[in-house]
Amino acid sequence: MGMSVTISAATEHDAEQIFKLQYLCYQSEAELYGDYSLEPLTQSLDALRAELGSGCVLVARLGEEVVGSVRGTVDGEGTAVITGLIVHPRMRRHGLGGRLLGALEERLAGECSARLYRLATGQRSEGNLRLYRKWGYAQTGTEQITRKLTLVTLEKTVRTAPDARDAPESVYAPTA
């Protein structure tokens, strides 16, 4: 019987596993763009630890192993910037990236009052673009970073739950 993947808030003890996973996951991106100086590959462990303390970071665990992670921060205007969505190569194409993204969106909207989600990925990262579009993100801009790398920015508005006052009375009627 196999173990199931759980998603939870990252702790300071997860920093090293996230750091190693990030390095592994961005190898394919570096190859795609012919650039091994991408920031996730050059980030220091100390810089990653600082990120863990400054925003919302979630991890996906298979037992004790971190097999995925995602990060997000919300600014004073309610814009959530989502970064660092990574999934171990052996765990890809099973919906884990979407689960991490959905869990982070929910947390950022609920605990941090996010009103807009924003993320970016490289123009050649078709799997990432496909995932983000599936989750309702639409392209809002591009920025050429290097001769080979153009970042595509995507956004979506946070959906709010319908107001209870608009629902039929029977749905919200107290029970005896």
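Is Lys-156 buried or exposed? I looked it up: Lys-156 is buried, at 16% relative accessibility (buried is under 20% relative accessible area, exposed over 50%, partly exposed in between, with a 1.4 Å probe and protein chains only).

Ground rules before I go on. This is a predicted model, where local features need pLDDT of at least 70 and side-chain atom pairs count only at pLDDT 80 or more, while totals for chains, interfaces and linings use all residues. Residues are numbered from 1 along each chain as its sequence is written, and side-chain values use heavy atoms, with hydrogens and water left out.

Entry: salt bridges. I count eight of them (a side-chain nitrogen of Lys or Arg within 4 Å of a carboxyl oxygen of Asp or Glu). Lys-156 pairs with Glu-105 at 3.2 Å, N to O. Glu-105 sits in helix α4 and Lys-156 in strand β7, so this pair ties together parts 51 residues apart in sequence (helices are DSSP runs of H or I, at least four residues, and strands runs of E, at least two, numbered from the N terminus). Glu-105 is buried too, at 7%.

Next I checked Lys-20 and Glu-16, which meet at 3.3 Å. They are four residues apart in helix α1 (residues 15-33), so about one helical turn separates them. Lys-20 is exposed at 52%, and Glu-16 is partly exposed at 40%.

Entry: the largest nonpolar core. I find 26 residues in it, and Ile-82, Leu-96, Leu-100, Leu-108, Tyr-117 and Tyr-137 touch the most other members (a core is a set of buried Ala, Val, Leu, Ile, Met, Phe, Trp, Tyr and Cys residues joined through side-chain atoms within 4.5 Å). Helix α4 gives the most, with five residues. I then listed partners of Ile-82 beyond four places in sequence: among them are Val-70, Leu-101, Glu-105, Leu-108 and Tyr-137 (contact means heavy atoms within 4.5 Å). A second, separate core has 16 residues, including Ile-18, Leu-21, Val-59 and Ile-86.

Entry: Ser-69. I place it in strand β3, and its relative accessible area is 0%. What does its side chain find there? A polar atom of the Ser-69 side chain lies 3.0 Å from the backbone oxygen of Leu-58. Beyond four places in sequence, Ser-69 touches residues including Ile-18, Val-59, Ile-86 and Leu-100.

How values were computed. A polar contact is a pair of N or O atoms within 3.5 Å; within protein, one must be able to donate a hydrogen and the other to accept it, and residues adjacent in sequence count only if both atoms are side-chain atoms.
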